[in-house]
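I opened the file to look up the ligand site and the record's annotations. My notes follow in the order I made them.

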Amino acid sequence: MSAQPIDGRACAEALAAGLAADVRRLGEAGHRPTLAVVSAGEAHGATVYARRLARLADELGIGHVARALPVTVTLPEVLAVLAELNADTAVSGILVLRPLPAHLDEATVFRALDPAKDVEAVHPENAGLLALGVPRFVPSTPGAVFHLLDTWLDAVGEDRAAFYHRSRIVVVGRSNTVGKPAVALGYAREASVQSIDVWAHRHGGLGRHTRWADVLVVAAGRPGLIRAEHVSPGAVVVDVGINAVVGPGGRTRTVGDVDAASVAARARALTPVPGGVGPVTDAWLLRSTVQAAAQQVGSPPERTLLEAS
Ligand code: NAD
């Protein structure tokens with residue numbers, strides 16, 4: 001068997017094309033969705049991500065403002081910037097880039113966001129709504145994981161509900177931003193869901209859990225963690241990991257958490273890295289920005305904004 005590649009770039013392009021129509025509709029009513037990106041320090045990955053988002057926003061006619069704060073910024077200064085963006089009616093959504101410097105308490109920063117603009121659903125109110133299955137916003141990376149899966153199911157002619165109802169989903173990694181919300185989205189689809197983290201691995205249980213999966217979502221940040229022996233034949237594997245590794249000749253390349261070469265021989269379908277979850281994540285975040293703008297101006301979003309939860 002050679003796993004079918006699940007093409008994230010095509011999926012992201014389709015998502016963006018749907019968004020363009022929503023942006024136009026809001027524009028005709030005099031509203032321009034705008035994303036504010038707040039960063040502290042210059043972590044390389046975060047800077048690259050912010051640049052990519054700005055480029056895509058430009059393509060879609062979505063506004064963007066960057067508040068790049070120095071790594072020495074104090075907590076009161078960050079909170080003051082967020083208060084200003086919360087009050088700015090031209091700003092629809094706010095993204096706080098991670099990682100924050102260690103002296104800034106992430107939970108305190110997230111709590112300072114206006115929940116109506118918290119497009120990554122990191123404020124406790126939005127995280128709670130997501131956990132209850134009634135999300136205001138679906139965070140971008142787990143949203144992208146399930147949007148990719150839903151789109152792939154449509155493409156292969158599988159009924160989404162029937163597939164999820166019979167499927168066992170295992171999520172490797174339990175961060176507040178990726179693993180935990182991915183579990184919530186699996187519950188929302190009424191699948192059987194299991195969450196595992198580094199402790200299962202340290203105690204030798206990784207494969208025992210991952211081989212249970214019909215759908216394996218891997219978000220651990222460990223290059224090549226999942227190999228063929230961790231995957232049951234015919235599983236669908238979604239690789240969220242983005243890891244920079246130095247290859248022969250000192251060249252840096254980006255790889256996922258899945259050893260694609262060995263897993264492809266066993267899985268039914270597999271998302272590539274790069275070109276899988278990443279591009280859909282970008283489009284999804286801008287989708288949430290448009291959704292926030294529509295909610296703020298009381299313009300009921302059309303189906304493109306509501307299709308996935
Ligand atoms: P994180 O470091 O916050 O969390 C990692 C989680 O994985 C933790 O729960 C940890 O316990 C678990 N883990 C670590 N090693 C493990 C192991 N050996 N076995 C089992 N579990 C293990 O990371 P994160 O922010 O959730 O990101 C995870 C990965 O996804 C990273 O590679 C990150 O770069 C990538 N990522 C990709 C996108 C995208 O758009 N594709 C977006 C966000 C994050």
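I sorted the residues of the shell around the ligand by type. They divide into nine nonpolar, ten polar and four charged. I kept in mind that this is a predicted model.

I then asked how many residues surround the ligand. The count is 23. The closest are Thr141, Arg174, Ser175, His201 and Thr281.

Next I looked for the helices behind the shell. Helix H9 (198-202) and helix H12 (277-296) each supply at least two of its residues. Which gives the most to the shell? I found H12, with three residues.

A polar side-chain atom of Ser175 lies 2.5 Å from a ligand oxygen atom. For Val198 I noted a backbone N or O atom 3.1 Å from a nitrogen atom of the ligand. A polar backbone atom of Ile242 is 3.1 Å from an oxygen atom of the ligand. I checked the cover as well: taken alone, the ligand exposes 860 Å², and the protein buries 78% of that.

I turned to the record. In an unreviewed entry, UniProt places the feature "binding site" at Gly173, Arg174, Ser175 and Ile242. I took two of these for a closer look.

Entry on Ser175. I located Ser175 in the loop between strand E5 (168-172) and helix H8 (179-188). Beyond its neighbours within four places in sequence, Ser175 is in contact with Lys180 and Pro181. Why do I class Ser175 as partly exposed? Its relative accessible area is 29%, and the class runs between the cut-offs of 20% and 50%.

Entry on Ile242. I found Ile242 in the loop between strand E8 (236-239) and strand E9 (243-246). Is Ile242 buried or exposed? Ile242 is exposed, because its relative accessible area is 60% and exposed means over 50%. That value counts protein chains only as cover. Leaving aside neighbours within four places in sequence, I see Ile242 in contact with Thr254 and Val255.

Last, I looked up the domain. For residues 164-296, UniProt lists "domain: Tetrahydrofolate dehydrogenase/cyclohydrolase NAD(P)-binding", again from an unreviewed entry. I read the chain over residues 164-296 as 35% helix and 21% strand. The end C-alpha atoms of that stretch are 33 Å apart.

Technical notes. Residues numbered from 1 in each chain as written. Predicted model: local features only at pLDDT ≥ 70, side-chain atom pairs only at ≥ 80, totals over all residues. Heavy atoms only, no water. UniProt positions renumbered as here; feature names shortened; annotations may be inferred. Helix = DSSP H or I, 4+ residues; strand = E, 2+ residues; numbered from the N terminus. Buried < 20%, exposed > 50% of the residue type's maximum accessible area, 1.4 Å probe, protein only. Contact = heavy atoms within 4.5 Å. Near = heavy atom within 4 Å. Polar contact = N/O pair within 3.5 Å; in protein donor to acceptor, adjacent residues only side chain to side chain. Areas by Shrake-Rupley, 256 points an atom, 1.4 Å probe, with all protein chains shown as cover. Nonpolar A, V, L, I, M, F, W, Y, C, P; charged D, E, K, R; others polar.
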